[in-house]
Amino acid sequence: MAFFKPDWLINRIYNLTPTELKRYRINAILTDLDNTLIAWHDPDSSEELLAWLETMKKNHIQVIVVSNNRKKRVQRAVAKLNIPFIWNALKPLPFGIERALKEFKLDPQQTIMVGDQLLTDVQAGHLASVRTVMVRPFVETDSWTTKLNRFFENIIMNRYYQKNPQATWQEHLHD
């Protein structure tokens, strides 16, 4: 169960602030794409996302997309964002995260993996030895490839809440 336990549960990736990230000595965010950074069915970015990315950039916090999607899909989604990406990350295996750590010379101690799925994002983050943040899915619907994961994720989350009744979704990072 330890591989499925996120270090933090927060409602949205956009709630992460430079102040709290620096408090935890985090200077790099590896983020899933679909239903974490943007809605899975809408590759266009919002003004809120653009403003959040600009805030991170001004505060020297690197944001890198680590996605299981094909290159063409990720490239189209991040084209206007001017951020780097790793495609075909093979999550839940740690290879995509490890590739990002190496390619961008990131310290795992100062890096977090943010995603909306336990069975891919959180597990891969733990296997790559980075702290993990699970966020609520951006939209309620999922692609057909994610629906099976959500079924098993619900079982794991129910067990997690039984063992950790104090665990709740937060607006920001907390100890």
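Ser 129 follows helix α5 and has a positive phi, near 65°. Helices (H or I, at least four residues) and strands (E, at least two) are DSSP runs, numbered from the N terminus. The model is predicted: local features need pLDDT of at least 70, side-chain atom pairs count only at pLDDT 80 or more, and totals for chains, interfaces and linings use all residues. Residues are numbered from 1 along each chain as its sequence is written, and side-chain values use heavy atoms, with hydrogens and water left out.

Helix α5 spans residues 118-127 and is mostly covered. Nine of its 10 residues are buried (under 20% relative accessible area, with exposed over 50% and partly exposed in between; 1.4 Å probe, protein chains only). Among them are Leu 118, Leu 119, Val 122 and His 126.

Aromatic rings were examined next. Rings of Phe, Tyr and Trp (its six-membered ring) pair if their centres lie within 6.5 Å; planes under 30 degrees apart count as stacked, over 60 as edge-to-face and the rest as tilted. By this rule there are two aromatic pairs. Trp 8 and Tyr 24 have ring centres 5.0 Å apart and planes at 65°, so this pair is edge-to-face. Trp 8 lies in strand β1 (residues 8-10), and Tyr 24 in the loop between α1 (18-23) and β2 (28-31). The two are 16 residues apart, so the pair links distant parts of the chain. Both Trp 8 and Tyr 24 are buried.

Tyr 14 and Trp 52 form a tilted pair, 6.0 Å centre to centre with 45° between the planes. Tyr 14 sits in the loop between β1 and α1, and Trp 52 in helix α2 (residues 47-58), 38 residues apart. Tyr 14 and Trp 52 are both buried.
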